[in-house]
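Here are some notes to read with the model open beside you. Take the points one at a time, and find each residue on screen as you go.

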Amino acid sequence: MIHYYISIFKKLSVSKILNYFKLYFGFHYSRIINKPIQYGLPFSVSIEPTTSCNLRCPQCPSGLREFSRPTGMLDPVFFKGCIEQISKHVHSMIFYFQGEPYLNPDFLKMVKLANSYNIFTSTSTNAHYLTEKIAVETIESGLDKLIISIDGITQEVYEQYRIGGNINKVIEGTKEILKQKKLLKSNLPHVVWQFVVFKPNEHQVEMVKKLGKELGVNEIKIKTAQIYDFENGHNLIPENEMYSRYAKQPDGTYHIKNKLLNQCWRMWQACVITWDGKIVPCCFDKDAKFKLGNLKEQNFESIWHSKEYNQFRKSILKGRNQIDICTNCTEGTKVWS
């Protein structure tokens with residue numbers, strides 16, 4: 001674990017730390033005066049390698065093939081232009097938004113390029129493509145963090161949500177990346193098993209922790225699931241409320257547990273770039289409904305400080321419950337680094 005934290009700190013610089021404090025001050029000052037003030041540039045950026053996916057998960061627009069926006073692959077030439085604009089202030093880059101990153105044939109080349117600019121890199125995968133060759137290339141790319149989605153440890157349970165998936169491929173892919181780390185004497189990537197809890201798999205929470213430790217996974221993260229149309233209940237909502245974002249009311253309806261505050265740190269320190277260059281506010285805007293700019297038409301800094309972006313921040317401060325992508329969100333009460 002210590003090597004993972006070292007990799008985080010190694011990607012810091014004086015200018016990035018100063019930029020972070022500008023963002024932090026601007027966010028809290030904005031909350032006080034109830035007006036958006038933005039002094040810095042984003043500390044973290046998510047970028048979308050592709051919208052394509054090999055699975056058909058029922059709570060995912062990519063899996064359901066229900067995007068209204070076009071599907072496609074992030075172009076490495078366009079990506080290089082993005083990196084050149086944002087590398088001085090961005091500390092971490094998440095190579096994921098929608099889709100399966102490893103379906104983009106240039107994905108690991110782009111990770112390697114980001115690392116050459118001293119940016120902390122991470123991604124999230126369903127691990128169906130972690131062959132020996134790809135595992136070696138992943139390590140050689142310098143990827144800092146690899147999140148593997150494992151929502152069950154038996155095929156019967158796993159396939160209830162990860163439709164079209166094979167749990168054996170996930171486990172074998174995990175074993176392969178861990179094996180190649182040892183062979184190549186590499187401490188990275190930091191391998192995380194992410195278990196999203198649904199009703200069909202909640203009885204396997206302790207089992208996945210046990211299996212992950214046996215295999216040597218660096219970290220096991222238990223995560224609550226985002227459910228669309230949760231208000232009247234859903235067959236995916238766990239029975240154990242500890243694993244649910246939603247609480248059942250006396251009348252049988254459900255509401256989200258956390259209080260929706262008129263603030264969101266992510267609007268001050270992060271953003272998402274879609275495969276075709278759109279800038280959207282966060283990962284909850286899966287269909288890029290709130291397009292705040294396009295990097296194929298504008299430079300990044302002008303978008304970040306634009307009237308449109310600040311108007312969106314203002315709407316967060318004035319009435320977050322009026323923004324549909326915010327109403328099913330568990331963020332907003334914490335300041336994330």
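1. Let's begin with a term you will need for helix pairs. A crossing is left-handed if the near helix is turned anticlockwise from the far one by less than a right angle, and right-handed if clockwise. Helices (H or I, at least four residues) and strands (E, at least two) are DSSP runs, numbered from the N terminus.

2. A word on where the values come from. This is a predicted model, in which local features need pLDDT of at least 70 and side-chain atom pairs count only at pLDDT 80 or more, while totals for chains, interfaces and linings use all residues. Residues are numbered from 1 along each chain as its sequence is written, and side-chain values use heavy atoms, with hydrogens and water left out.

3. Start with H5 and helix H6 (residues 132–141), whose crossing is left-handed. Their axes come within 8 Å and cross at roughly 20°; axes are lines fitted to C-alpha atoms, for helices over the stretch in contact, and angles run from 0 to 180 degrees between N-to-C directions. H5 and H6 are therefore roughly parallel (angles under 35 degrees count as roughly parallel, over 145 as roughly antiparallel, 65 to 115 as roughly perpendicular and the rest as oblique). On the H5 side, the contact is made by Leu108, Val111, Lys112 and Asn115, and on the H6 side by Ile134, Glu137, Thr138, Glu140 and Ser141. Contact here means heavy atoms within 4.5 Å. By class, these residues are three nonpolar, three polar and three charged. For the classes, Ala, Val, Leu, Ile, Met, Phe, Trp, Tyr, Cys and Pro count as nonpolar, Asp, Glu, Lys and Arg as charged, and the others, Gly among them, as polar.

4. Now look at the other partner of H5. Helix H4 (residues 76–86) packs against H5 (residues 107–116) at an angle of about 20°, with the axes 11 Å apart. That angle makes H4 roughly parallel to H5, and the crossing is right-handed. Pro76, Phe79, Lys80 and Ile83 of H4 meet Met110, Leu113 and Ala114 of H5. This contact has six nonpolar, no polar and one charged residues.

5. H6 also meets helix H8 (residues 167–183), with axes that come within 9 Å and cross at roughly 55°. H6 and H8 are therefore oblique to each other, in a right-handed crossing. H6 brings Glu132, Ala135, Val136, Thr138 and Ile139 to the contact, and H8 brings Glu176, Ile177, Gln180 and Lys181. The classes here are four nonpolar, two polar and three charged.

6. How many disulfides are there? The count is zero, with a disulfide taken as a pair of cysteine sulfur atoms within 2.5 Å. The sulfur of cysteine 53 lies 6.1 Å from its closest cysteine sulfur, in cysteine 57, so the two are too far apart for a bond. Cysteine 60 is in no disulfide either, as its nearest cysteine sulfur, that of cysteine 57, is 6.0 Å away. Cysteine 53 is buried at 19% relative accessibility, and cysteine 60 is buried at 17%. Buried means under 20% relative accessible area, exposed over 50%, and partly exposed in between (1.4 Å probe, protein chains only).

7. Two loop residues are worth a visit. Serine 87, in the loop between H4 and strand S2 (92–95), is buried, with a relative accessible area of 11%. Leaving out residues up to four places away in sequence, serine 87 touches Lys16, Tyr117 and Ile119. Threonine 154 sits in the loop between strand S4 (145–149) and helix H7 (155–161) and is partly exposed at 33%.

8. Finally, check some backbone details. Which peptide bond is cis? The one joining leucine 188 and proline 189 is, with omega about 5°; proline 189 is in the loop between H8 and strand S5 (190–197). Asparagine 118 is not a glycine, yet has a positive phi of about 60°. You will find asparagine 118 in the loop between H5 and strand S3 (120–125), partly exposed at 32%. Aspartate 229 has a positive phi too, near 50°. Aspartate 229 lies in the loop between strand S6 (219–224) and strand S7 (246–248) and is exposed at 64% relative accessibility.
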